[in-house]
Amino acid sequence: MSDRWNFYPLMIEDKPASIFVDLGINELVPAAGFPTMAFLSVRMREPRDDGLSSQAEYETLMALEDTIFKFAAGDDRTLYVGRSTSDGCRDFYFYTRDAAIENNLRLLMQNWPQYAFETGTRLDTEWTTYSQFLYPSAEDLQLIGNRDVVYQLQQNGDHSDCPRPIDHFAVFRTVHDRDAYARFLVTDGFSISDKPASQDGRFGISFSRSDRPDQIDPVTIGLYRAALEHNGDYDGWGCAAVIRRPTP
């Protein structure tokens with residue numbers, strides 16, 4: 001397990017869901033020596049009406065997950081890689097070389113007799129459950145990054161509902177692609193700040209527009225998709241914190 005865990009919302013079979021996943025372990029996927037995917041599916045006792053976890057059950061579910069973290073951390077045969085919550089269930093996913101994983105999970109759940117649960121395994125040497133189900137899409141990764149930036153701003157006292165200049169950056173394979181993207185930006189109200197010279201065979205562009213950090217998601221998704229259409233990559237955003245000083 002790594003220390004780079006994060007969560008994101010999504011829909012699973014047309015139902016609201018949330019995934020909490022180890023993003024850092026993606027650098028090792030598929031991890032040799034852990035060929036089997038195992039799961040522990042726990043039926044929540046007090047889910048919300050939409051099937052997600054409720055505040056009433058929050059502490060108990062967190063305590064259960066702490067037990068799972070400790071279970072995996074103390075066993076070099078098993079990696080805990082993430083969980084999904086949807087339709088009244090919280091499902092925990094592992095990759096393992098432990099043939100007794102299901103029995104060990106059943107033993108773990110003896111400490112939680114109030115919960116109905118199921119376990120299962122399947123061979124997954126390519127880690128498809130992790131890469132195709134748990135790991136976020138490129139757009140979901142962008143939204144996770146947005147949330148982290150806004151959180152850091154707010155930790156510094158930022159009022160994220162205040163508009164201010166927000167700087168962005170993107171890179172492209174060719175000058176033609178970059179200039180086509182620049183034309184799109186101008187029509188969308190952005191100002192071009194710089195077109196730095198290529199250092200690695202790619203062509204960058206810096207640009208800005210006044211927006212609110214707490215409303216940045218649709219802005220960045222639009223920029224990401226447009227960059228993709230022009231054979232490029234949107235590379236993120238940043239801005240100064242806006243701190244309201246108390247009136248004397």
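1. P30 is found in the loop between β2 (15–22) and β3, where helices (H or I, at least four residues) and strands (E, at least two) are DSSP runs numbered from the N terminus. A cis peptide bond joins V29 and P30, with omega at about -5°. Most residues other than glycine have a negative phi, and most peptide bonds are trans.

2. On the basis of the note: this is a predicted model, in which local features need pLDDT of at least 70 and side-chain atom pairs count only at pLDDT 80 or more, while totals for chains, interfaces and linings use all residues. Residues are numbered from 1 along each chain as its sequence is written, and side-chain values use heavy atoms, with hydrogens and water left out.

3. The chain as a whole has six helices and 10 strands, and its C-alpha atoms fill a box of roughly 60 × 55 × 35 Å, taken along the principal axes. Of the 248 residues, 44% are buried, a term that stands for under 20% relative accessible area, whereas exposed stands for over 50% and partly exposed for values in between (1.4 Å probe, protein chains only). Among contacts (heavy atoms within 4.5 Å) between residues at least 6 apart in sequence, 70% join residues at least 24 apart.

4. The domain assignment divides the chain into domain 1 (5–134) and domain 2 (138–239), with bounds that come from an automatic or database domain assignment. The C-alpha centres of domain 1 and domain 2 lie 34 Å apart, and the contact between them takes five residues from domain 1 and five residues from domain 2.

5. The area buried between domain 1 and domain 2 is about 420 Å², and carbon and sulfur atoms give 58% of it; buried area here is the accessible area (1.4 Å probe) that two parts lose on being put together, summed over both. In domain 1, the residues that lose the most area to domain 2 are N6, F7 and Y8, which together account for 74% of what that side buries.

6. The rule does find three residue pairs in polar contact across the interface of domain 1 and domain 2, both residues at pLDDT 80 or more. A polar contact is a pair of N or O atoms within 3.5 Å; within protein, one must be able to donate a hydrogen and the other to accept it, and residues adjacent in sequence count only if both atoms are side-chain atoms.

7. G51 is found in the loop between β3 (36–43) and α1 (58–73), and G51 is buried, with a relative accessible area of 9%. Not counting residues up to four places away in sequence, G51 touches M44, S86, D87, G88 and C89. G51 and V186 are 135 residues apart in sequence and 43 Å apart in space, C-alpha to C-alpha.

8. Two backbone angles deserve a separate check. W127, in the loop between β6 (117–123) and α3 (128–134), has a positive phi of about 60° although it is not a glycine, and W127 counts as buried at 0% relative accessibility. N231, in the loop between α6 (217–229) and β10 (232–238), has a positive phi near 60° and is likewise a residue other than glycine, but N231 is partly exposed, with a relative accessible area of 38%.
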